[in-house]
Amino acid sequence: MEISGADQHMTEIIRPDVHIEVQVKSESTVKRSDIRTHVLSLLDRHSSVLASYKWTEFDDEFLTRNVESVTITDAVGPKFIDLRVHNLCIHIFSLNDDSPNTLTLEEEEELSAANHWLLPAGEFHGIWESLVYEEDIKTHLLDYVTTTIFFSDKNVDSNLIAWNRVVLLHGPPGTGKTSLCKGLAQKLSIRLSSRYAYSQFVEINSHSLFSKWFSESGKLVTKMFQKIQELIDDKDALVFVLIDEVESLTAARNAAQAGTEPSDAIRVVNSVLTQLDQIKRHPNVVILTTSNVTEKIDLAFVDRADIKQYIGPPSANAIFSIYLSCLEELMKCQIIYPRQQLLRLEELDTMNFMESDVTRLSLMLRKISQKSVGFSGRTLRKIPFLAHALFGKTSTMTVESFLKAMDLAVENQKQEQANLVNCV
């Protein structure tokens, strides 16, 4: 049957997207269009791939000279995907390896108010992939900012459909909130590279604005946002602003009015809210905020956040994935040797978690992961290091001996946390 032009168009629309990230070598000077052509040829030769496959070696001399890696990213659905039935979104980028600049507000005092990076930054590379959440938190955050840009490009009236370009991530310390903000900005700078010439990331040093200039804090906040406004005025740039531990700038005004917070805190909150209301008129800015104690944040600020996402401690399944990535890295570095295949949870599930020679080591890791529930992401990624430092007897260990050391490290960490609680 012949398909009409309209039907063909509809078929193209409903094809699911697969994102391909192409990291170009910093010394490469070839045209992006030429890189795209060679990448398409690569994908055509390898159309059925793992959903998270990454090429670092190529059978194409052009790609070998000019490209660091080609990665299938953030694919959802089956483990294997057929690239021929997907809409391929190819994002070509190179990393900026410059150190961050410092934004100052007072020349004579040299007040360090913020750090400033050009994105995508070498310092942020790999953060997004290292963060493991069982829920679709990362996908939701990507979709939010993408929709924000899309609505702005379509000139949707924000008086009729409201969005403020503000994300609030909240939860206990050590759960990866700040890293998630940096990874999100990095990921979107790559995803939107065809829309914006470059991206910038500004991390506000909230505590410095409350140091010896406390009585001037409200004015300093205004000056800080004026600096950010200068960056936003360049419409070719996408600007991400991170306010870490936002409660230090947006302490609840009812506490101040009750006399438990100084009056200057009220001026700071008012200044932040005023600046946010001015910034949201610009389509090329996203405000990312984190908080460990949301009950201390002014409700007017909380209300301005489009997304209020709780980031809690990892579940046992997420911990398993975190530990698995750590063990893969140690095997790659040959600290764990020889390399042995560890099964993913999905593979163990198909075997009903029955113990055999094939599943034994993976089931050991699963038990360690269940024992580690309650640890923060920050603590979890220290466990492999502590396992080697405290319980590793040789420079090179087998997978089984390392898993036993990890089990001891988890017990040690639990005891240390219990001791800290008892001391308090």
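Two strands count as paired when DSSP finds at least two bridges between them. With that in hand, let's look at this predicted model.

Q: Which strands stand at the edges of the open sheet of four strands?
A: The sheet has mixed pairing and runs in the order β3-β4-β1-β6. A strand at the edge has a single partner, so one side is left without a neighbour in the sheet. The edge strands are therefore β3 (54-55) and β6 (87-93).

Q: Over how many bridges do β1 and β6 pair?
A: Within this pair, Gln-23 stands opposite Phe-93 in β6. The two strands, β1 and β6, run in the parallel sense, and the number of bridges is seven.

Q: Are α13 and α16 roughly parallel or roughly antiparallel to each other?
A: Helix α13 (residues 360-371) and helix α16 (residues 399-423) have axes 10 Å apart and pack at an angle of about 10 degrees. Their contact includes Leu-361, Met-364 and Ile-368 from α13, and Leu-403 and Val-410 from α16. Angles under 35 degrees count as roughly parallel. The two helices, α13 and α16, are therefore roughly parallel.

Q: Which element gives the largest share of the lining of the second largest pocket?
A: This pocket holds about 580 Å³ of space and is lined by 20 residues, with Asp-17, His-19, Asp-143, Thr-146 and Arg-191 nearest its centre. The elements giving two or more residues to the lining are β1 (17-24) and α5 (137-153). The largest share, eight residues, comes from α5.

Technical notes:
Residues numbered from 1 in each chain as written. Predicted model: local features only at pLDDT ≥ 70, side-chain atom pairs only at ≥ 80, totals over all residues. Heavy atoms only, no water. Axes fitted to C-alpha atoms, helices over the stretch in contact; angles between N-to-C directions. Parallel < 35°, antiparallel > 145°, perpendicular 65-115°, else oblique. Contact = heavy atoms within 4.5 Å. 1 Å grid on protein atoms, 1.4 Å probe; cavity = no way out; pocket = protein on both sides within 12 Å on 5 of 7 lines; lining within 4 Å. Points joined across faces, edges and corners; volume = space filled by probe spheres on them.
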